[in-house]
Every structure is written in C-alpha cells, then in structure tokens.
Amino acid sequence: MSLQLRCLYTHRYSLALVMTMLLLAAASGDSDTAMNIKAVLGHSVTFRCPSNHSEAVERLYIQKIINDKEKFINGFYKDRDMPWNEYQIRTKVNKMDLSMEMRNVSVSDEGLYKCYIFDIGVTNPKVSDIILEVTAEYSAPTITPDCTEHRRGVSGTGMSCDLSCSAVGGYPQSTIRWTGLNPSLTNVIYNWSSAHNDSKTWTINQTITYNCDQQTNVSCAIGGAVSHTITICKTQSFPLKVIAAIAFVLVFALLLIFVVVMKCFCGRQHTPEDQSGDVNVSLTLRASET
C-alpha cells in the first residue's frame with residue numbers, strides 16, 4: 001500500500017512540476033540581461049542564480065532551452081526530492097548560494113539556460129538567463145614545408161613553397177592564421193575541417209602556396225595554439241653530391257702536390273759529391289781484392 005501511495009505522490013508531484021514549468025515558460029519574458037559563462041571541455045562549471053537573500057528562497061529551478069523547449073536540469077523545492085533525469089548524475093545544487101555545479105562539461109551542454117527563483121509566499125519567480133559557452137584548446141599546430149625551385153620566365157629561376165598547417169581537438173571551429181607571410185604572395189590551395197562524431201571537437205587543416213621573394217620566418221596559429229617557427233625561401237646552395245665531389249678533387253690535388261714536392265726534396269738531397277764518394281769506395285774495394 002505504501003508503494004502505491006508513493007507512486008501516487010510522485011505522479012502528482014510530476015504533474016505539479018509540469019504545470020510549474022508551463023507557468024515559468026510564460027514568465028520567461030521577464031528575465032534580465034543574460035549572464036555569459038565559459039567552461040573548458042571536460043572540466044566543471046558553476047551556474048549562479050542572482051539573489052539578494054537565499055534564506056527567503058523556497059524553490060530553485062534551472063532549465064535549458066533545447067529546440068525552443070525548456071528541459072529541467074536540476075533544482076530544489078524545500079526538502080522535497082526532485083524528479084530524476086540524466087543531468088543529475090553530474091550536477092549538484094547548492095541551496096546556500098543558489099548555484100549549480102556541472103561536471104565533465106561536453107559540447108552538447110553549450111547553450112541558453114534559465115534560472116527560476118521562487119521566494120517564500122511569492123507566485124511569480126525571478127527569472128535570469130545564463131548562456132554557457134564551451135571551449136577546447138587545439139593541439140600545437142604542425143607546420144610542414146615543401147619548397148621547389150622553378151623557372152621564372154626569362155629572368156632566371158624562382159622558388160615557391162607549399163606550406164601545410166593542421167591541429168586537432170579544438171572547439172569551437174576556428175580558422176588558420178599565418179604569421180610572417182606577404183598576403184599578396186600567398187594562395188590557398190586546400191582547406192579542410194571536420195568535427196568528431198562524439199566529442200564534437202574539430203580537426204583543421206590548410207595548405208597554401210607561397211611565392212618566395214626573400215628568406216622568411218613563418219608560423220601558423222589555430223585558436224590560441226601556435227606552431228613552432230620555420231625558415232623558408234632559403235638561398236639555394238650547392239647539392240650535397242656536388243660538394244662531396246669538389247672536396248674529393250681538392251683532396252686528390254693536395255695529395256698530388258705533396259708527392260711532387262717530396263720527390264723534388266729527395267732529389268736535391270742526393271748530390272754529385274755523394275756519388276763521387278761512392279765511386280772511390282768501390283775502387284778501393286776492387287784494388288784490395290786484387
């Protein structure tokens with residue numbers, strides 16, 4: 001019997017709450033200027049309903065506008081239990097300062113909320129709007145260059161660089177900003193962005209072509225994240241194989257010069273006087289033998 005009474009009580013309370021919501025919807029046009037709050041994806045945020053005296057408050061309802069309809073999030077009504085919903089798992093109401101903490105914020109939590117405060121003995125609530133904005137920092141952008149030399153008419157050769165910049169995991173969707181480049185020498189050749197199905201965070205990628213006029217230090221930024229700085233349009237130097245070949249020739253030439261110098265030096269050491277001394281010794285040995 002007690003279970004039936006409890007179910008009946010819950011049913012009546014739910015009907016009362018629905019009627020209250022309808023009245024709140026009618027009174028929502030009396031709200032003041034909206035309060036803007038920000039939350040980082042995956043972190044916590046606190047909704048604070050403005051009131052001068054919390055001890056005089058009998059009821060507090062916080063609702064979210066979803067598809068032009070209000071959905072109950074959490075609240076309190078004296079010592080009565082609130083009807084359960086999926087938001088109560090990660091929300092907690094503080095009756096003392098008339099606030100609600102929301103944990104593990106997701107992109108889907110972003111939007112307009114309404115806070116209804118009923119003072120004791122007062123029928124019409126105080127209504128305030130709270131706009132929640134969710135953000136997520138992008139990863140450090142990756143910047144990659146691909147520079148090539150090419151013919152530039154009759155004036156000689158020139159150089160151009162394809163630059164790619166990409167980052168993941170950010171919200172809201174952002175654009176890529178380049179630093180250090182002359183806009184008149186820049187052409188965008190590829191733009192791509194995609195939102196993750198579950199987290200709703202964005203992956204951003206862009207590729208541009210830059211026509212070099214001088215050596216340039218360049219970086220890219222997405223949201224508040226900035227890449228490392230790279231140097232492009234460097235003066236073309238000799239290829240490594242050419243440098244190695246030149247070094248080999250120089251070493252060979254030095255060795256050849258060294259051999260020639262040593263032969264000349266040794267030839268000077270072997271003088272005619274030394275040769276005559278050798279002849280005299282040879283004759284003396286022959287005379288002694290006879």
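Buried here means under 20% relative accessible area, exposed means over 50%, and partly exposed is in between (1.4 Å probe, protein chains only). The views below come from a predicted model, in which local features need pLDDT of at least 70, side-chain atom pairs count only at pLDDT 80 or more, and totals for chains, interfaces and linings use all residues. Residues are numbered from 1 along each chain as its sequence is written, and side-chain values use heavy atoms, with hydrogens and water left out.

View 1. At 0% relative accessibility, Cys161 is buried, whereas Cys147 is partly exposed at 34%. A disulfide (a pair of cysteine sulfur atoms within 2.5 Å) joins the two, S to S 1.9 Å. The link is right-handed, with 110° about the S-S bond. Cys147 sits in strand 9 (residues 142-151) and Cys161 in strand 10 (residues 157-170), so this pair links distant parts of the chain, 14 residues apart. Strands (E, at least two residues) and helices (H or I, at least four) are DSSP runs, numbered from the N terminus.

**View 2. Cys165 meets Cys220.** Here the sulfur atoms of the disulfide are 2.0 Å apart, and the link is right-handed with 80° about the S-S bond. Cys165 lies in strand 10 and Cys220 in strand 14 (residues 216-222), so parts 55 residues apart in sequence get tied together. Both Cys165 and Cys220 are buried.

**View 3. A left-handed link, Cys212 to Cys233.** This disulfide has its sulfur atoms 2.0 Å apart, with -70° about the S-S bond. Cys212 is in the loop between strand 13 (202-211) and strand 14, and Cys233 is in the loop between strand 16 (230-232) and helix 2 (240-269), so the pair ties together parts 21 residues apart in sequence. Cys212 is buried at 10% relative accessible area, and Cys233 is buried at 9%. Counting bonded cysteines along the chain, the protein's disulfides follow the pattern 1-2, 3-4, 5-7, 6-8.

View 4. The strands come in the order 2-6-5, with antiparallel pairing; two strands pair if DSSP finds at least two bridges between them. Strand 2 (45-48) and strand 5 (91-94) stand at the edges with a single partner strand each, so one side of each has no neighbour in the sheet. From one strand to the next, the twist averages 20° (axes are lines fitted to C-alpha atoms, for helices over the stretch in contact, and angles run from 0 to 180 degrees between N-to-C directions). Strand 2 is joined to strand 6 (residues 99-102) by 4 bridges, and Val45 stands opposite Met102 in strand 6.
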